[in-house]
Amino acid sequence: MKAFRNLLPAVALLIVCGWIGTDTSAAGKWGVLDGEALAQEPQGTETPVRQDPPKVDDAQLSWEIPGRVSIYSLEFGPALWKGNEWEFVGNSRTFNAGQYKDRLTLMVRFSYFGSRSEIPLKFVIKLPDSRQYDETVSLLSRRGQYTYHFTIHRPEDFLGSGSVYLYYGFSMVDVLDFTIVPGS
């Protein structure tokens, strides 16, 4: 009986080794390397090597646009066509639709400093009782001044409050609220 007790660990080891060798489950057909399933290679070939995903810069989250931008001296108001260019009239937020007749052109202008060139900025324009309009522009150099303008045709059809949202990636840079009032 004592000899049989000495054989028990060896028999248990053989049973376990035999059970592992004859496993027909998915885990037996697929190898697992750090939680990732890998197809078993035929005998005599190299085993697959795990490739790490490309690393993301520690200073940025994966959903952020690379780089930074600072916007300053932001102005918003009406613009008039004089000569061969748009001229900024003044920094105001309330517009009389009667003064501008059939067309109101609004201008956003600012200075900026970015960490790189080709910085994408998104303008989202919301007018009363209409769908929003958005446009993405690129700031071509690392620093400078930028002017963005848009025209509201028949401003008397859009009386009320509107907004211009300025985004860099998922970050809102600024909101410019304005009001169009009926003309006299």
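1. Contact means heavy atoms within 4.5 Å. By that rule, Thr-105 is in contact with Gly-77, Pro-78, Ala-79, Trp-86, His-149, Phe-150 and Thr-151, leaving aside neighbours within four places in sequence.

2. A word on the source: this is a predicted model, where local features need pLDDT of at least 70, side-chain atom pairs count only at pLDDT 80 or more, and totals for chains, interfaces and linings use all residues. Residues are numbered from 1 along each chain as its sequence is written, and side-chain values use heavy atoms, with hydrogens and water left out.

3. Thr-105 lies in strand β6 (strands are DSSP runs of E, at least two residues, numbered from the N terminus). Thr-105 counts as buried because its relative accessibility is 4% (buried means under 20% relative accessible area, with a 1.4 Å probe and protein chains only). Its side chain makes a polar contact of 3.0 Å with that of Thr-151 (a pair of N or O atoms within 3.5 Å, one able to donate a hydrogen and the other to accept it).

4. Now the sheet. Four strands form an open sheet in the order β4-β3-β6-β9, with antiparallel pairing (two strands pair if DSSP finds at least two bridges between them). The edge strands are β4 (85–88) and β9 (143–153).

5. Strands β3 (residues 69–82) and β6 (residues 103–114) are joined by eight bridges. Glu-75 stands opposite Arg-109 in β6.

6. The largest nonpolar core has 28 residues (buried Ala, Val, Leu, Ile, Met, Phe, Trp, Tyr and Cys, joined through side-chain atoms within 4.5 Å). β6 gives the most to this core, with five residues.

Notes
Buried < 20%, exposed > 50% of the residue type's maximum accessible area, 1.4 Å probe, protein only.
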